[in-house]
Each structure stands twice: as structure tokens, then as C-alpha cells.
Amino acid sequence: MGKIQGLDFTQNLVNIVTAVICIILLQSFYEHEIFRCTKSRNKENIYSNVLYAFNIILSILLIIINEYLFIGCLWLVSVAVISAIDGMKHGTVCYILCIVQYLLYSGEYAGDKNILLYYVIIGAAMVLMFADNTMRELVFSGLSLPVFSAVFVMVRYGFDMRKISAGKAYAIIQILSAVVVVLITLIVRHTIEQLENAGVCTVYGIKNKETVIPKEILNEDCELMSELKSFSERLYIHSVAVGRMSEGVAKKMGYDSALAKAGGMYHEIGRIKKDEFEDFVKMMAEKYDFCNALTGLIIQNYRKKPENKETAVVMLSDSIVSMVDYFEKNTDKTMPAKEKIIEGIFLNRLKKGNLSECDISDDELKKLKKIYENIM
């Protein structure tokens, strides 16, 4: 691209060094955040790997095309897709990388401050609108993007209809490109969810509240729970209590209550084969048709590193039920007030960093504490 743009050796070298630094930073970030099983990258991780690589390459190609054929904000489609699939953290990284690529590769367009400002704002809007949404929420957010693009175009022309009419080709392309970005994002998100539900692949960041939990496994007397009861009645009673508490809390918080209940019921199922906890969970998941979200929740809870809000709820419920059990069995000890029990558990989990990756805000934590106090 430097040769096509007629850049000298020094300018080309700066671009190459900048691109290499971006690649190193991106890879380092994804090693920690996206590829959860860095020591044993199985086929599930490969799908995620390919998806991100494809999006980065696509953004570069679209920026190059934009040098010769104006395509509006279509080159930011990777930002929208990554945000919708893997949340705000990864969407933000992709957004920053795309803006850097735009500055490196877009030639004369990068020198237009008004156009650059538009892309900086519209890219940030994509991250904010599309990150951490259910499919239904994503549709409503998608409807907002073309409207936002149209308003920004009018602002750029100072709401002067003569200027807007003179630049109508530019305005139409910007608005239509926003529509195309939304359609592509919805199609990719829907496709990924279908692949996840079919067990073909797992992209860890999708917040999928529409994940189907088979009704039969939510029955406390189902075959798998009976197997747990045969192994340990104490563990069965504990798991039922954690499932009920997690369901109640998730429902009041607006989380996926079915996923939280199932996660609470089966969070200890791997103890049947304690030395092979994760392998046994995966075997049970295949046998009883667990969705990927439930299997992931159980394993995340075992590792004490929740990656979503439902897993965090199960972990907190597990701690609270265990604490109450302890005081009920040790009658010589006086049980503290429920507020102190909950506060102590929350502080302990925060201190250990157990809640650092599940995107629960401080306001949500306060609300969670109140809900747990009421449920106890």
C-alpha cells in the first residue's frame, strides 16, 4: 500500500513497525482474554482463532477498497461483529486496531478530519450499541445505527438541506453502509449461536440468554440428580439449594434464570469423579445434552473464575449455602447476621479476583447483596 501511495522508505518503515506493534499487542491480549485454554487449544478454540483473524484481514481489505471506491462505514464491520460476539473488551480492542489501520492505509481520506471524526464516533457507537446484548437487544441496537449515521451526516452539513442535497451520494452511502453492517452482524451472531447450540463450536464471549436448557435436567428428581444423590445425599441437598437460590437471584437481576438454576444444580457433578472433574463434566454434558453455556458455567465455577454473570451468581450462592450449612452443623457456633455473611463472602471473592472477568458493575454488586439478603 505504501508503494501504491508513493510513500518514501521512512514512511513505509513507520507503517510496518506500527502494524507489527499492533499485532503483538493484539496477540498478547487475546492470549489472556479470548483463548481460555492456551495450553491445549482444541478445535473449539480454533473456530474463535479463525474468526478473529478473518475479521482483522477483512478490515484491512475493506480499508484498501475504500481508497478506490467509497464504501462508507462498511470497513468498520469487524468492530460491530466482534463487539456483538465477544463483548465490549474485545470490541474496543478491535475498534482501536481498525482506527490505526485506517490511519495507516487509507491515504488521503485519513487527512480529512471531519470524515475521521465520523468514523471515530460511529466505531465507538458500534461497540457501545452491540456489546453484551442478547439477540433481541441486538436487533433494537441495530435499528439505531443507521439513524445515528443519518443524524451525524446532517450535523456534518449543519442541517443545511442544500448541502445535504449536494452531497446526497455521500449521505446515502454512509446510511446504507450502516444498514449493511447491522445485517452482517445479525447474520454472523445468529450463525455463531446456531453452531454453539449444535455443539459445533464455542465462542466464549457470547451473552446468550436464549440458550436452551432442556426442561428434564431442571427437574430435581431427574436421572442425573438421582445419580448425584446416590453418590452423596449431602451433596444432592446442597446442590438443590444452590440451584434454587441461583435461580431466584438470577430472575430478580434479569439474568438467565434457567441457566443459573441448572448451573447451581450441577456445579458439583464432577465430584463423582473428583480426580477427573472436567473430563467427567464433559462426558455428562454429552450424555445429557447440556448446552455449551451450561458446561462452560460448571467448569468456570470449578476454576473459580466466572466469565459471565450467571456463573458469578452460582459461585456466590454456593458460598452462601455452604456457609449457612457450616453454622447449622456446628451448633456450638453462633451464626452471624445474614448481612455480615453476605458482605464477608462478597469481599472475599473480590479480594481473590474471582469477579474480575464477569463484567458485573459496582451497582449490580450492591443490588446482588440486597437480593441475597432478602432470599436468605
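Is Asp318 buried or exposed? Keep that in mind as you work through the exercises.

The model is predicted: local features need pLDDT of at least 70, side-chain atom pairs count only at pLDDT 80 or more, and totals for chains, interfaces and linings use all residues. Residues are numbered from 1 along each chain as its sequence is written, and side-chain values use heavy atoms, with hydrogens and water left out.

**Exercise 1.** Classify Asp318 and its salt-bridge partner Lys304 by relative accessible area.

*Solution.*
Step 1. Take the cut-offs: buried is under 20% relative accessible area, exposed is over 50%, and partly exposed is in between (1.4 Å probe, protein chains only).
Step 2. Asp318 has 8%, so Asp318 is buried.
Step 3. Lys304 has 29%, so Lys304 is partly exposed.
Step 4. Check the pairing. A salt bridge is a side-chain nitrogen of Lys or Arg within 4 Å of a carboxyl oxygen of Asp or Glu. The closest N and O atoms of Lys304 and Asp318 are 4.0 Å apart.
Step 5. Locate the pair. Lys304 sits in the loop between helix H13 (292-303) and helix H14 (309-329), and Asp318 is in helix H14, so the bridge ties together parts 14 residues apart in sequence. Helices (H or I, at least four residues) are DSSP runs, numbered from the N terminus.

**Exercise 2.** Find how Glu364 is linked to Lys309.

*Solution.*
Step 1. Glu364 and Lys309 form a salt bridge, with their closest N and O atoms 3.1 Å apart.
Step 2. Glu364 belongs to helix H16 (residues 362-375) and Lys309 to helix H14; the pair links distant parts of the chain, 55 residues apart.
Step 3. Glu364 is buried at 17%. Lys309 is buried, also with 17%.
Step 4. The whole structure holds 7 salt bridges.

**Exercise 3.** Describe the lining of the second largest pocket.

*Solution.*
Step 1. Define the term. On a 1 Å grid over the protein atoms alone, a pocket is an open set of points where a 1.4 Å probe fits, with protein on both sides within 12 Å along at least five of seven lines; lining residues have an atom within 4 Å of a point.
Step 2. The second largest pocket has about 210 Å³ of space.
Step 3. Its lining includes Glu268, Arg271 and Asp318.
Step 4. Helix H10 (233-253) and H14 each supply at least two lining residues.
Step 5. Glu268 and Arg271 also meet in a salt bridge (2.4 Å, N to O). Glu268 is buried at 10%, whereas Arg271 is partly exposed at 33%.

Key. Points joined across faces, edges and corners; volume = space filled by probe spheres on them.
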